[in-house]
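Dear colleague,

I am passing on the structure below, together with some notes on what was found in it. Please look through the structure first and then read on.

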Amino acid sequence: MAGSPQNETPSFYSVLPATVRYCKGLSAQEKLLYSEITALTNKKGYCWATNNYFANLYRLSKETVSRQISKLVELGFITVTTESDIKIIQELKAKNMDGFGIGDKKCAWCGVRTIVLHPHHYPTPKSKGGIETIDICPNCHSEFHCRLRHIKLNLTIKEFEELMQEYDRIYMTEQ
Ligand SMILES: [Zn+2]
Ligand SMILES: [Zn+2]
């Protein structure tokens with residue numbers, strides 16, 4: 001998924017498969033959330049928006065979004081996976097890009113030279129009240145957030161292919 005977590009770029013169209021649309025266990029808002037996730041999902045079936053992102057989008061509390069996500073997980077429509085931040089940072093540092101890149105700034109994690117650095121809240125995430133930040137390159141920043149929390153659509157391969165054909169069909173006719 002392109003874009004930083006603060007700046008998600010959803011597709012114009014979202015998808016709501018019949019299994020979700022007619023699911024009796026889901027509220028209308030939960031179905032809407034599912035369809036929003038499909039709009040944020042890349043071709044591999046993953047998206048990495050935070051609860052905060054959905055909360056701001058629909059003007060709901062983070063707790064409400066978190067409950068809705070849990071419901072979608074419980075019913076098997078999505079899976080949320082998380083990786084340990086320590087492991088991710090170790091791997092970013094192991095890239096050891098020192099000596100590569102152009103610019104007068106240097107990424108605190110991978111060491112690449114760059115003209116742009118992102119302030120990233122670390123070690124305490126912003127959502128948990130952290131104020132300390134470190135400066136990292138945009139690549140490390142997006143990879144970190146991307147891997148930290150993934151939402152995966154639990155569609156069968158056939159369903160996923162149909163979903164992508166639907167996207168292609170819409171974009172082919174629109175452009
Ligand atoms: Zn970096
Ligand atoms: Zn960050």
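Predicted model: local features only at pLDDT ≥ 70, side-chain atom pairs only at ≥ 80, totals over all residues.

Residues are numbered from 1 along each chain as its sequence is written, and chains are lettered from A and ligands numbered from 1 in the order in which they are written.

Ile 78 is also one of the residues with the most contacts inside the largest nonpolar core, which has 16 residues; Tyr 34, Ile 37 and Cys 47 are others. A nonpolar core is a set of buried Ala, Val, Leu, Ile, Met, Phe, Trp, Tyr and Cys residues joined through C-beta atoms within 7 Å, where buried means that 20 or more other C-beta atoms lie within 10 Å of a residue's own, exposed means 12 or fewer, and partly exposed is in between. Helix 2 (28–40), helix 4 (62–74) and strand 7 (149–153) each supply at least two residues of this core, and helix 2 gives the most, with four. Helices (H or I, at least four residues) and strands (E, at least two) are DSSP runs, numbered from the N terminus. Apart from this core lies another, of nine residues, among them Leu 92, Val 112, Cys 140 and Phe 144.

Strand 7 pairs (at least two DSSP bridges) with strand 1 (residues 46–47) through two bridges, running antiparallel, and Cys 47 stands opposite Ile 151. Strand 7 is also joined, again antiparallel, to strand 2 (residues 78–82) by five bridges, with Thr 81 opposite His 150.

In helix 5 (residues 85–94) and helix 6 (residues 138–148), which residues meet? Asp 85, Ile 88 and Leu 92 in helix 5 meet Cys 140, Glu 143, Phe 144, Arg 147 and Leu 148 in helix 6.

Finally, Lys 62, which is in helix 4, counts as partly exposed because it has 14 C-beta neighbours inside 10 Å. Not counting residues up to four places away in sequence, Lys 62 touches Asn 51, Asn 52 and Ala 55.

With best wishes

Notes: Contact = placed C-beta atoms within 7 Å.
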